[in-house]
Amino acid sequence: MIRRQRLAAGVCALLAALTAGLAFPAGAAADETEQAAPKVELVLDVSGSMRTRDIDGGTRMAAAKQAFNEVLDATPEEVELGIRTLGANYHGNDRRTGCKDTAQLYPVGPLDRTDAKTAVATLAPTGWTPIGPALLKAADDLNGGDGTRRIVLISDGEDTCQPLDPCEVAREIAAKGIGLTIDTLGLVPDAKTRDQLSCIADATGGTYTSVQHKEELSDRVGQLVDRAADPVVTPVATEGATECAKAPALKSGLYTDREEFGQQRWYKVDVNPGQELRASVSVADDRAVNPDYGVLLRAVTLHGREIVRGEAAGNGRTDAISTGLRYPRPENDDDDATAETVCLQVTNSFSAAAGVKTSPGLPLELTVDVVDGPSNAADVAAFGLGRGWWLLGALVLAGFIAGLLWGWLSRWRVAVWRTN
């Protein structure tokens, strides 16, 4: 029995090692570059509706203050945090003035917990709900630097300063390619508030959370602030061209772009003999789109000959669609080791739903990795398996043998039964 357990453990360890080897091929090294300090700005709705008493017997404003105090105590040292308000200062009824009412309560930077708590304590529900203008200002507050940047918006109602649509503002912020994420929290939200806050979060790859209780608010804000401290790879903003000849030259890395509905985007990558190009692309529908769509990623030569392609289709059940490809360039026996320019073409077949704006384009994320190629022809990707083809072969053989044994045992049992 002990031998069997050890054998099973050994097999599991071997499979885990093989899986790790396939998932993280040799040559992939961790980026040890020192990351810039992560920045977070908490944007709080201080409009008149925050006086409502429907969160654990207290006002929404009281719940927000308690959550802020708890989050400020637990904020990681490496996070630079700021606080911005909307609707906190103007008491009048003039809409134009009320829709400019957003101010930075505490500047983004190293956190002084006492000063930040003192500033929060002075807040009282006052005016309008200019979410769009507050997001624009918050993006400016976090501008500059290469670290993680995150806005956490807490509101109990939809924007009252249309036609500056907060969803459009969020898409414009995402289109700048500055890697800024907006997470939203709705305090006891109605359907319209829920839809608007969800739209804002979706536009930047953030999350939306509905909050009904004090503990939920504190826990969720704390999670989002902590998440900003997690190491991440920040995509590099690029702009694809309409044809390969004008495309930007990319190296290994993670890139972000915007692609209009049905548009083509072109990029270029140099691949030396003996190297392998690995590329993947994801296109997200950050607004309402028609079902049945797809994305195509092609690698072609400068003369337009297709080398390899990857494609995927969707039917409206997911908010992002991805595909990828691999191109191993063989070793060159000649002395000429000239790099080959490979053109990457990204095409989507999304179509906008009725009344939906098509600008800015859909968010696109492109991963490019140029690594040392397979050591020989037998290692080249077969049916998309790469070096794992032999593992699949071993599993198929094992299944075949197991099937034979099971069939033999079944026939033997039937023969014994008939004899008896």
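Accessible areas come from the Shrake-Rupley method with a 1.4 Å probe.

**View 1. The whole protein chain.** This is a predicted model. The accessible surface of the protein chain comes to about 22,400 Å², and carbon and sulfur atoms hold 54% of that area. The chain has 420 residues, of which 43% count as buried. Its secondary structure comprises 9 helices and 18 strands. Among contacts with a separation of 6 or more, 75% are between residues 24 or more positions apart.

**View 2. The two sides of helix α4.** Helix α4 spans residues 113-121, and its buried residues are A116, A119 and V120. Seen down the helix axis, the buried residues of α4 fall within an arc of 100°, so they line one face of the helix. T114 and A121, on the other side of α4, are exposed.

**View 3. The cover over α4.** The elements that cover the buried residues of α4 include helix α2 (60-74). Strands β4 (80-86) and β5 (102-109) are also part of this cover.

**View 4. The N-terminal end of α4.** D112 caps this end of the helix. A side-chain oxygen of D112 lies 3.2 Å from the backbone nitrogen of T114, a residue that is itself exposed.

**View 5. Strands β7 and β8 with helix α7.** Strand β7 (residues 180-187) and strand β8 (residues 208-211) run parallel and are joined by 4 bridges. L185 has T209 in β8 as its bridge partner. Together with helix α7 (residues 191-203), the strands β7 and β8 make a right-handed β-α-β unit.

Definitions and conventions. Residues numbered from 1 in each chain as written. Predicted model: local features only at pLDDT ≥ 70, side-chain atom pairs only at ≥ 80, totals over all residues. Heavy atoms only, no water. Buried < 20%, exposed > 50% of the residue type's maximum accessible area, 1.4 Å probe, protein only. Arc of directions from axis to C-beta. Contact = heavy atoms within 4.5 Å. Polar contact = N/O pair within 3.5 Å; in protein donor to acceptor, adjacent residues only side chain to side chain. Pairing = 2+ DSSP bridges. Right-handed = clockwise from strand over helix to strand, strands pointing away.
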